[in-house]
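Notebook open, viewer open. I'm going through this one piece by piece and jotting down what I look up.

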Amino acid sequence: MASLLELDHVSHAFGGLRALHELDLNVAEHEIVSVIGPNGAGKTTLFNVITGIYKPGGDIRFDGKSIVGRPPHRITQMGIARTFQSLRLFLNMTVKENVKAATYGGTHATPLESMLRLPRARREEREVEERANDVLGFFGQRLQGYRHDQPAYSLSYANRRRLEIARAMATGARLLLLDEPAAGMNPNETHEITELIGRLRTERGYTILVIEHDMHVVEGISDRVVALDHGEKLTEGTFHEVANHPEVIEAYLGRNPEALQK
Amino acid sequence: MAPIGVDEWVARSGDRREESRWRALLTRVDERVGWWPRLGILALVGFIYGHLGLNVNEQDVAFNAVLYAILALGLNIVVGWAGLLDLGYIAFFGLGAYGYALFSSHAFGSLVLDTGGVHLPAVATIPIVLVAAGIVGVAVGLVALRLSGDYLAIVTLFLGQAFAEVVNNVDPSVLGGSNGLFALDRFHSFGGQITSTLGYYYVAVIVLIVLMAALHMLDRSRTGRAWRAVRDDPLAAQVMTIPVNAVKVMAFSFGAIVAALAGTIFAAQQDSVFATNFSANVLILIYACLVLGGAGGIAGAVLGGIVVTVAQDLLTSPLDSAYLFYGLILIVLFARVRPWRYLAAVIPAIVGLGFAAHAIVGAISHTAVAGSPGSVGWIGSALRHYVIVPANSLTYGNILYVVMIVALIAVVQLKGVRRLIAVVPTVYIAICCWEARLTVDPGITAQIMIGAILIVIMGARPQGLLGTRRVEIV
């Protein structure tokens with residue numbers, strides 16, 4: 001299977017702290033890969049180096065082209081969009097504007113064209129409107145109707161997470177990086193988000209790399225699971241292989257005291 | 001239609017609120033009338049107002065009101081939309097004015113080379129000046145990219161002040177130094193020229209309306225969304241395909257162009273330019289317009305520009321400024337003192353305290369109440385036996401001013417009934433201070449009053465008159 005995203009010996013350090021070390025990772029087209037690991041394992045740093053917020057050592061290729069050193073907005077435009085663990089919506093803009101803002105890179109009307117409503121500006125604005133409706137429609141009733149014109153700050157926590165995903169979809173990306181999409185959600189919403197991630201692939205054809213702590217979600221969605229600790233890959237494989245891997249258990253729970261005595 | 005869930009019920013809570021009839025009517029009108037008809041109404045009002053036979057002063061105020069509305073619109077691009085605290089904005093206003101002065105007058109090189117200056121028509125000068133301002137805006141924007149928040153504010157403030165300093169201190173044969181440049185050409189093109197203030201008022205109105213339309217379009221386009229996205233969260237904007245740096249520089253540049261446009265109109269109307277026209281005072285006034293009206297909105301910026309200019313003019317007339325002062329006191333009392341029975345106690349107490357104090361002081365020393373109130377007209381005569389104004393009121397007024405500030409601080413610190421009691425003498429002291437000292441110095445009083453108006457707005461409507469409430473990201 002062709003790899004959409006390839007990480008080749010990727011390293012990144014904050015001063016003396018090695019957040020990522022010689023990490024290799026491949027994500028194939030239409031695959032859902034989960035990244036797990038204890039706090040501080042380097043998961044979010046991994047997302048930050050892929051999206052260009054940090055410049056790492058090693059090489060990252062997307063669709064065969066190296067993306068290391070490119071500015072974040074270019075990387076997103078090539079087809080990698082992300083959500084944020086800490087929710088970074090444009091809070092004072094409406095729900096629909098949040099989604100529309102993410103189409104900036106895909107549109108080209110100059111300010112003058114926009115002021116005068118010249119043909120290209122009008123056509124693009126129509127397309128943006130359609131795309132926004134389409135993307136928000138993917139979430140069913142949750143982000144529909146009167147919600148379109150509500151400011152993002154008035155949304156509930158779960159709806160903010162949905163809007164983050166909608167915004168990432170609107171960039172026109174092929175690969176979505178979801179940073180803890182189920183964090184802070186109740187069991188019902190967690191179940192819903194699990195289904196949603198599945199639908200993102202089956203209905204929209206996205207490739208997905210997801211960081212998640214909730215093991216039910218990870219089990220429910222992943223083709224493959226990658227376990228990180230101290231910036232290095234412990235192991236990868238199916239959920240059950242990884243979940244029963246002794247090093248993974250050790251990373252999460254600490255060393256078995258009986259094993260130490262032997 | 002899907003069944004109504006809890007969310008929907010919450011969203012419709014506004015519909016269930018009982019409203020008074022006139023307010024309900026206002027809401028309905030507000031919903032029915034779109035943005036473009038409103039702009040049309042504004043344009044119509046602007047033109048009709050010019051035909052009302054205004055006297056010279058009224059023409060000046062009308063022109064300035066529209067000019068400040070334009071300036072506030074430009075500042076709104078940088079501060080309200082892109083969220084960049086640019087304190088160097090005033091320099092672009094000056095750049096536009098001096099640019100016009102150089103290209104459309106005798107001034108350019110005339111004192112050195114005796115060339116007779118460059119007398120380009122306005123249709124040529126203005127585009128040149130706007131392009132130059134746009135380029136300088138890009139340059140300043142590129143510097144500003146490295147800075148954010150407070151640092152951006154401080155550095156741009158220096159840049160803005162540097163403009164006035166440079167203009168003042170370069171060889172007077174180039175930019176006129178502190179004598180300014182004068183006897184500029186009026187707007188002239190195709191054989192005609194505009195000389196009257198009223199003429200420039202109409203020019204400014206047309207520019208304002210066109211600018212509002214253009215900015216409205218821009219606000220709803222990809223550029224407007226990008227600016228607001230950068231304001232709300234630059235990091236998120238960056239990974240949502242928005243080139244943050246380019247978008248910020250563009251905002252600087254657009255703000256600069258609008259300010260420069262206002263500068264050219266200003267220079268042509270005033271027929272001269274001086275470095276002091278572009279001092280920090282003017283900058284603060286433009287910020288006051290934007291804050292008062294509501295940053296982030298076109299209508300707010302325009303309303304703020306008009307309100308601040310008109311208020312400033314009212315404050316230079318003793319009677320009008322008295323109306324503003326006493327009106328403000330009454331509004332604050334009515335808005336803040338609750339329940340009503342407290343209000344019913346406080347107002348008679350303020351009135352009674354004054355007459356009692358006047359009677360007692362008058363009985364002790366006749367000279368202590370020999371002065372007359374500063375206010376003229378019926379307010380002055382009504383307060384004749386109310387305020388204590390000695391014959392020589394200057395020193396007394398200065399001391400009273402300090403006492404008033406101490407009393408105000410005390411009122412702010414106290415709580416509950418004590419505050420209510422403290423309000424009574426404080427208001428009386430403020431009235432005495434106003435009558436004895438503040439009306440005598442309209443220049444300073446105007447600034448104090450605009451400050452007071454802004455404080456009242458902050459309490460009543462922190463988002464500004466027409467602004468929408470905004471949340472800040474933690």
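Before the helix pair, a reminder to myself on handedness: a crossing is right-handed if the near helix is turned clockwise from the far one by less than a right angle, and left-handed if anticlockwise. Also noted: this is a predicted model.

**Entry 1: a helix pair in chain B**

I looked up helix 16 (residues 298-316) of chain B against helix 22 (residues 442-460) of chain B, and the crossing comes out right-handed. The two pack at an angle of about 140°, with their axes 9 Å apart. Angles over 145 degrees would count as roughly antiparallel, so helix 16 and helix 22 of chain B go down as oblique to each other.

Which residues make the contact between helix 16 and helix 22 of chain B? From helix 16 of chain B I get B:Val308, B:Ala311, B:Gln312, B:Leu315 and B:Thr316. Helix 22 of chain B brings B:Pro442, B:Thr445, B:Ala446, B:Met449, B:Ile450 and B:Ile453. Sorted by class, that contact has 8 nonpolar residues, 3 polar ones and no charged ones.

**Entry 2: the sheet in chain A**

Next I traced the sheet in chain A. It is open, with 6 strands in the order 6-7-8-3-9-10 and mixed pairing. Strand 6 and strand 10 (232-237) of chain A are the edges, each pairing on one side only. From one strand to the next, the twist averages 20°.

I then checked what sits on the sheet. Helix 7 (residues 187-204) of chain A packs on it and touches strand 3, strand 7 and strand 8 of chain A. The direction of helix 7 makes about 160° with that of strand 8 of chain A. Helix 10 (residues 246-253) of chain A lies across strand 9 (224-229) and strand 10 of chain A, at about 130° to strand 10.

**Entry 3: strand 8 of chain A**

I wanted a closer look at strand 8 of chain A. Is strand 8 (residues 207-211) of chain A buried or exposed? I find 5 of its 5 residues buried, so the strand is largely enclosed by the rest of the structure. In a regular strand the side chains alternate between the two faces of the sheet. Here A:Thr207, A:Leu209 and A:Ile211 point one way, A:Ile208 and A:Val210 the other, and all are buried.

Strand 3 (residues 32-36) of chain A runs parallel to strand 8 of chain A and is joined to it by 4 bridges; A:Val35 stands opposite A:Ile211. Strand 7 (residues 175-179) of chain A is also parallel to strand 8 of chain A, with 5 bridges, and there A:Leu178 has A:Val210 as its bridge partner.

**Entry 4: a loop in chain A**

I went to the loop between strand 6 (80-82) and helix 3 (95-101) of chain A, which holds A:Leu89. A:Leu89 has 25 other C-beta atoms within 10 Å, and 20 or more is the cut-off for buried, so A:Leu89 is buried. Leaving out residues up to four places away in sequence, A:Leu89 touches A:Asn98, A:Ala152, A:Arg160, A:Leu163 and A:Glu164. I also took a distance: A:Leu89 and A:Pro187 are 98 residues apart in sequence and 23 Å apart in space, C-alpha to C-alpha.

A:Leu87 lies in that loop between strand 6 and helix 3 of chain A too. I flagged A:Leu87 for its positive phi of about 60°, although it is not a glycine. Its 20 C-beta neighbours inside 10 Å mean that A:Leu87 counts as buried.

**Entry 5: a positive phi in chain B**

B:Thr241 also got a flag: not a glycine, yet phi is positive at about 70°. I placed B:Thr241 in the loop between helix 13 (234-238) and helix 14 (244-270) of chain B. B:Thr241 counts as buried, because 26 C-beta neighbours lie inside 10 Å.

**Entry 6: where the chains meet**

Last stop, the interface. How many residues of chain B are in contact with chain A? I get 25 residues of chain B against 32 residues of chain A. On the chain B side, helix 11 (197-219), helix 12 (222-232) and helix 13 are the elements that give two or more residues. Helix 12 of chain B gives the most, with 7 residues. That side of chain B divides into 15 nonpolar, 4 polar and 6 charged residues.

How values were computed: Residues numbered from 1 in each chain as written. Chains lettered and ligands numbered in written order. Predicted model: local features only at pLDDT ≥ 70, side-chain atom pairs only at ≥ 80, totals over all residues. Axes fitted to C-alpha atoms, helices over the stretch in contact; angles between N-to-C directions. Parallel < 35°, antiparallel > 145°, perpendicular 65-115°, else oblique. Contact = placed C-beta atoms within 7 Å. Nonpolar A, V, L, I, M, F, W, Y, C, P; charged D, E, K, R; others polar. Buried ≥ 20, exposed ≤ 12 C-beta atoms within 10 Å, placed from the backbone. Pairing = 2+ DSSP bridges.
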